[in-house]
Amino acid sequence: MPQPDPTYAPADLTPATWGRRILALVVDWVTCLAVVEGLVAVGLLAGNPNGLGTLGLFVLESAFFTALAGGSFGKLVARVRVVRQDDPSRPVSLLRAVLRSALVALLVPPLLTFDGRGLHDLAAGTRTVRV
């Protein structure tokens, strides 16, 4: 079992503001859209019907980088990190990150909050904090 990393979580676990969260989401979406449209332009993808390619890449990118670095590309840019609720010093597992990202893709869970956490965070056992 991996040992906790005391440098992983910020010392002050202040919840991320809605402004930072929205900025992170916009950065992630625009980045994923650019990558998918670039793949369409060079012929590696036939198209991006209804943005499903962008949505799929968003879920994968968000889950992978959350498990690897504590947040998606957009979250890292917005200085936000996703940490485990039960032990913020340990990284979020890939399974929890996939669950969280899939729920974010449904659009409603991030908007509904309880105790400063979205339903996606409640389901994944995570919380989103400011770095």
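Biologist: Which residue in strand 4 does R84 stand opposite?
Modeller: Heads-up: this is a predicted model, where local features need pLDDT of at least 70 and side-chain atom pairs count only at pLDDT 80 or more, while totals for chains, interfaces and linings use all residues. Residues are numbered from 1 along each chain as its sequence is written, and side-chain values use heavy atoms, with hydrogens and water left out. Strand 1 and strand 4 (residues 126–130) pair in the antiparallel sense, and in strand 4 the residue opposite R84 is T126.

Biologist: Over how many bridges do strand 1 and strand 4 pair?
Modeller: Strands are DSSP runs of E with at least two residues, helices are runs of H or I with at least four, and both are numbered from the N terminus. Two strands count as paired if DSSP finds at least two bridges between them. For strand 1 and strand 4 the number of bridges is five.

Biologist: How many of the five residues of strand 1 are buried?
Modeller: Buried means under 20% relative accessible area, exposed over 50%, and partly exposed in between (1.4 Å probe, protein chains only). V80, V82 and R84 are buried on one side, R81 and V83 on the other. Strand 1 (residues 80–84) is largely enclosed by the rest of the structure, because the buried count is five of the five.

Biologist: Which residues make up the largest nonpolar core?
Modeller: Such a core is a set of buried Ala, Val, Leu, Ile, Met, Phe, Trp, Tyr and Cys residues joined through side-chain atoms within 4.5 Å. Here the largest one is made up of C32, F58, V59, V104 and A105.

Biologist: And which helices each supply at least two residues of that core?
Modeller: F58 belongs to the core, and its contacts (heavy atoms within 4.5 Å) include C32 and V104, leaving out residues up to four places away in sequence. The helices you want are helix 2 (52–69) and helix 4 (94–105).

Biologist: How far apart in space are A67 and V98, C-alpha to C-alpha?
Modeller: A67 is found in helix 2. Setting aside neighbours within four places in sequence, A67 is in contact with P91, V92, S93, L94 and A97. In sequence A67 and V98 are 31 residues apart, but in space their C-alpha atoms are separated by 8.7 Å.

Biologist: Is W18 buried or partly exposed?
Modeller: W18 lies in helix 1 (residues 18–41). Its relative accessible area is 41%, so W18 is partly exposed.
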